[in-house]
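Subject: Structure handover and notes

Hello,

Please find the structure below, followed by notes on what turned up in it. Read them with the model open.

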Amino acid sequence: MSVINTTPMSNLDEFKALGLSDDILEAIARKGFETPSAIQRLTIPHLLSEECDIIAQAQTGTGKTAAFGLPLVQLLSARRTVPQAIVLVPTRELALQVTQELQSFNTSELAIAPIYGGASIEEQLRRLRRGVDVVVGTPGRVLDHIRRTSLDLSQISHLVLDEADEMLNMGFIEDIESIMSAMTSPHRVLLFSATMPDRIRALAEGFMHDVEHLKVESQTLTTELTNQIYFEVREGDKLDALTRIIDVEPDFYGIVFSRTKVGVDEITSRLTERGYSAEGLHGDISQSVREKILGKFRARTVNILVATDVAARGIDISNLTHVINYSLPQDSESYVHRIGRTGRAGQQGTAITFISPSEMRQFGFLRRDIKADIKLETLPTPADVVAIKRNKIKEDLFQIVQSETYTECAPMAEELLESYSPEVVLSALLRLAFNNELSESNYPEIRSINVDRKGKSCIVMAIGARDGYDCRRLVKLLKRECGLADPEINHVKVMEDYSTATIPFERARDVVQMLNGLSDQGPIAEIREQVRGTKQGRAARNSRRIAKSQEKAVTKTDRKARSAGKRQAEGSHSSEYKAPKKGRDKASKPAKPASRKLSRREQKEQRRRNR
Ligand code: AMP
């Protein structure tokens, strides 16, 4: 039996209660946020009403950009002269992402400029000369501008360090210290970090005053009855992935979760356009409409409910076959709440999560937090979907034949058979009934994310046999703490005081971050090298070479490698392999013209000229 809890739907009151202004609330409504995330609840009131510095422990994907961005936009007013706030981030991708997110609720019309390595410095100089209010930059390039005196930090009132531990991993800490020492005016420092290694604490002690520590406490929840799987799929392919899943599951009855109202509306209308029976539920939907929608869902006239986390609260409908996380939830607790809607009343359900490349990192944290086995699977192919549909039609046909419920159609069948052969009539009828649903071309191609992967990365860990590790124990640690699966861990080598292993390139950043989060004594892991190609032999060779070169140096900070990593992250070097300098110099010399035999006409012409 289903019970509907008639909790009043949320509006923006919760955001309002944090002290945000009406203008900002309008911008939040446009973005389709329903409730503040945990880190926003903690941070926003502090930023708006207190004066202290803040250290907030928050993982990526938990809404931390809005946690500092919304108050910043409210507190600052546009001057378009020298920057009033600066946000330091580890990578150019993040610089762009944060700039975009800030722009999306920039009701104060602040001039916001991303400043990162790899982009034209001239363009950035022009941008800074025109006047900016907020700079979002990577440390190396920001420092570069400070040294050129093109970036004036004398008026800074807010400094945000975003993903501070990641900046530490990438060797940016000295740059950050230099930037902080260049800031002479009184300012607040807001530091966000997923983990709190000692070096970050030391940074805080050296450069921050009257610090308030904010941390979202996580609880452990169980998720036993649910089969949990995930698919790696680009953001733009998620809807096609969803329809494939719905189509292979004849009795699909599930909730599709989106993080925003805008997302719910879009998914619902795209599903309905494609002929699916879907309804959307979010905070802007009135109580009476909500009741009607839930009524239809309970009666199964609608088998797909698209909802935000808030809207799904209080719906107690059991026996869902599926919960689909179209976008990742804000935190692990929400994930557990979402998927807890399947697998109720002792029935096993399936929770499916779509992970786009930009969600990989957050997903890594989530997997570690919930300690559940979420398996990576591949999407059904168009051929699989069509084969399943055909079988279903055959089964349904068999049922009708068995139950003899076709008799009233018999005279028409006889009539048709007078004009056409049975194959023709049947084929035409199938076409009429299913249109082009049984055609594989009906399912657009979903590009594999694998093609983006640049092989494997070798990670080096400052733990070895001396610390009681052998290969088995190390693999266990990587699985338990970093959520890696057995096949993802290769070429494990455990030396006396360090170890190496190769892992998938796209997981490397997370894994290093997670390992470093385990240590109280500074970073213990780093990405040593990206192993190009997928051939095992090459990977093994690289791994051996890396291991050799590590023998002496592992416990020391390898500045050279770090700064190379730094440059790459900031974008001053492309991630493509570059030939050794010597070779490149040679290659860049103008090539000698190749000697070739002259044609008869050319020989004649030469003789003429020589004469
Ligand atoms: P971030 O952790 O800042 O990278 O944010 C991750 C994603 O969550 C972004 O797409 C944000 O727009 C979105 N987001 C931030 N706050 C909220 C919220 N309160 N409700 C729904 N989505 C949010």
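A surface patch here is built from residues with over 30% relative accessible area and no salt bridge, and nonpolar side chains are joined into one patch within 5 Å. The model is a predicted one, which applies to everything that follows.

Nonpolar patch

By that definition, I400, V401 and Y406 make up a nonpolar surface patch, and their accessible area together is about 260 Å². I400 belongs to helix α17, which covers residues 382-403. The relative accessible area of I400 is 39%, so this residue is classed as partly exposed.

Charged patch

There is also a patch of negative charge on the surface, made by E50, E51, D210 and E212. E50 sits in the loop that links α3 (38-49) with β2 (53-57). Because its relative accessibility is 38%, E50 is counted as partly exposed.

Which strands pair with β3? One is β5 (residues 134-137), joined to β3 by 4 bridges in a parallel arrangement. Another is β6 (residues 158-161), also parallel to β3 and also joined by 4 bridges. A85 has a bridge partner in each of them: V134 in β5 and H158 in β6.

The seven-stranded sheet

An open sheet is formed by 7 strands with parallel pairing, in the order β11-β12-β10-β14-β15-β9-β16. The edges are β11 (278-281) and β16 (375-376); each has a single partner strand, so one side of each has no neighbour in the sheet.

Strand β9 (residues 226-232) pairs with β15 (residues 349-355) through 7 bridges, in the parallel sense. Within that pairing, I229 has I352 as its bridge partner, and Y230 is opposite T353. On the β16 side, β9 forms 2 bridges, again parallel, and there Y230 is opposite L376.

Is β9 mostly covered or mostly open? Mostly covered, with 6 of its 7 residues buried.

Helices

Helix α11 (residues 238-248) is mostly covered as well, with 10 of its 11 residues buried.

R201 is part of helix α10, residues 198-207. Its relative accessible area is 40%, so R201 is partly exposed. How far apart are the C-alpha atoms of R201 and I55? They are separated by 9.3 Å, although the two residues are 146 apart along the chain.

Regards

Methods:
Residues numbered from 1 in each chain as written. Predicted model: local features only at pLDDT ≥ 70, side-chain atom pairs only at ≥ 80, totals over all residues. Heavy atoms only, no water. Patch = residues over 30% accessible without salt bridge, like charges linked within 9 Å, V, L, I, M, F, W, Y side chains within 5 Å. Areas by Shrake-Rupley, 256 points an atom, 1.4 Å probe, with all protein chains shown as cover. Salt bridge = Lys/Arg side-chain N within 4 Å of Asp/Glu carboxyl O. Lys, Arg positive; Asp, Glu negative; His and termini not counted. Charge placed at Lys NZ, Arg CZ, Asp CG, Glu CD. Buried < 20%, exposed > 50% of the residue type's maximum accessible area, 1.4 Å probe, protein only. Pairing = 2+ DSSP bridges.
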